[in-house]
Amino acid sequence: MKVAIVMGSDSDFNVVEKSIKILKEFGVEVHARVISAHRTPFTAIEFAKNACENGFEVIIGAAGKAAHLPGVLAGVSILPVIGLPIKSFTMDGLDSLLSIVQMPKGVPVATVAINGAENAALLAVQILSVKYPQLKKKIKEYKEKMAKEVEEKDEKIQLKIKN
């Protein structure tokens, strides 16, 4: 179980770090790199070309502004690519989101919310769970825990309303 997280800039790390934390909690090996689609395009292409042979099973591509990185990775790799749009100052991340989500036919990139690092990691875990039964169990437990937390919050609100 091995996921690559490729970010376009080291300034994306504060968002990407949330993905790393979740993947590690699920016992998934994670490798993070800074590779720019625009400033180091040949490195991006080589990384994506060799990702499968290097044992990766899913790639998360995090990028802001023009955000071409996930698309470049998906254009070269046969692995599933999850695009993580990073909030930028120019358009509040909408530029990043649209750059990632508007892929041409034949080059899919699954895309999560702007700064949605947690969901990028969880989607990677769900993809891996097709192959690894232990992840199916863990993701089920994770969702049950989330539901329980919501139910507890509901109970607290109901008590406040009654009093």
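Me: What makes A63, G64, K65, A67, P85, I86 and S88 contacts of S96?
Reply: Contact means heavy atoms within 4.5 Å. Leaving aside neighbours within four places in sequence, S96 meets that criterion with A63, G64, K65, A67, P85, I86 and S88. S96 itself is found in helix α4, residues 94-101. The model is predicted: local features need pLDDT of at least 70, side-chain atom pairs count only at pLDDT 80 or more, and totals for chains, interfaces and linings use all residues. Residues are numbered from 1 along each chain as its sequence is written, and side-chain values use heavy atoms, with hydrogens and water left out.

Me: Why is S96 called buried?
Reply: Buried means under 20% relative accessible area, exposed over 50%, and partly exposed in between, with a 1.4 Å probe and protein chains only. S96 has a relative accessible area of 0%, so S96 is buried.

Me: Why is M91 called partly exposed?
Reply: Its relative accessible area is 45%, so M91 falls in the partly exposed class. M91 lies in the loop between β4 (81-86) and α4. M91 and K65 are 26 residues apart in sequence and 8.2 Å apart in space, C-alpha to C-alpha.

Me: How do you know that β1 is largely enclosed?
Reply: Strand β1 covers residues 2-7, and six of the six are buried, so it is largely enclosed by the rest of the structure. Both faces are covered. K2, A4 and V6 are buried on one side, and V3, I5 and M7 on the other.

Me: What makes β1 and β2 a pair?
Reply: Two strands pair if DSSP finds at least two bridges between them. β1 and β2 (residues 29-34) have six bridges, in the parallel sense. K2 stands opposite E29 in β2. The chain crosses from β1 through helix α1 (residues 13-25) to β2, and this β-α-β crossover is right-handed.

Me: What does right-handed require of a crossover?
Reply: Point the strands away from the viewer: the path from the first strand over the helix to the second must run clockwise.

Me: How do you know that β1 also pairs with β3?
Reply: Five bridges join β1 to β3 (residues 58-64), in the parallel sense. V6 stands opposite G61. The partner of A4 is I59, and that of M7 is A62.

Me: What makes β3 largely enclosed?
Reply: Six of its seven residues are buried, so β3 is largely enclosed by the rest of the structure. On to its pairing with β4: the two strands run parallel and are joined by six bridges. A63 has P85 as its bridge partner in β4. The chain crosses from β3 through α3 to β4, and this β-α-β crossover is right-handed.

Me: Why is α2 called oblique to α3?
Reply: Angles under 35 degrees count as roughly parallel, over 145 as roughly antiparallel, 65 to 115 as roughly perpendicular, and the rest as oblique. The axes of α2 (residues 41-50) and α3 (residues 69-76) come within 8 Å and cross at roughly 45°. That makes α2 oblique to α3. Axes are lines fitted to C-alpha atoms, for helices over the stretch in contact, and angles run from 0 to 180 degrees between N-to-C directions.

Me: What makes a helix crossing right-handed or left-handed?
Reply: A crossing is left-handed if the near helix is turned anticlockwise from the far one by less than a right angle, and right-handed if clockwise. α2 passes α3 in a right-handed crossing. A44, I45, F47, A48 and K49 in α2 meet L69, V72, L73 and V76 in α3.

Me: Which residues of α3 are buried, and what do they pack against?
Reply: L69, P70, G71, L73 and A74 are buried. The buried residues of α3 pack against β1, α2, β3, β4 and α4.

Me: What makes β2 and β5 the edge strands?
Reply: Five strands form an open sheet in the order β2-β1-β3-β4-β5, with parallel pairing. β2 and β5 (110-111) each pair on one side only. Helix α5 (residues 117-129) lies across β1, β3, β4 and β5, running at about 165° to β3.

Me: How many helices and strands does the chain have?
Reply: Six helices and five strands. Helices (H or I, at least four residues) and strands (E, at least two) are DSSP runs, numbered from the N terminus. Of the 163 residues, 40% count as buried.
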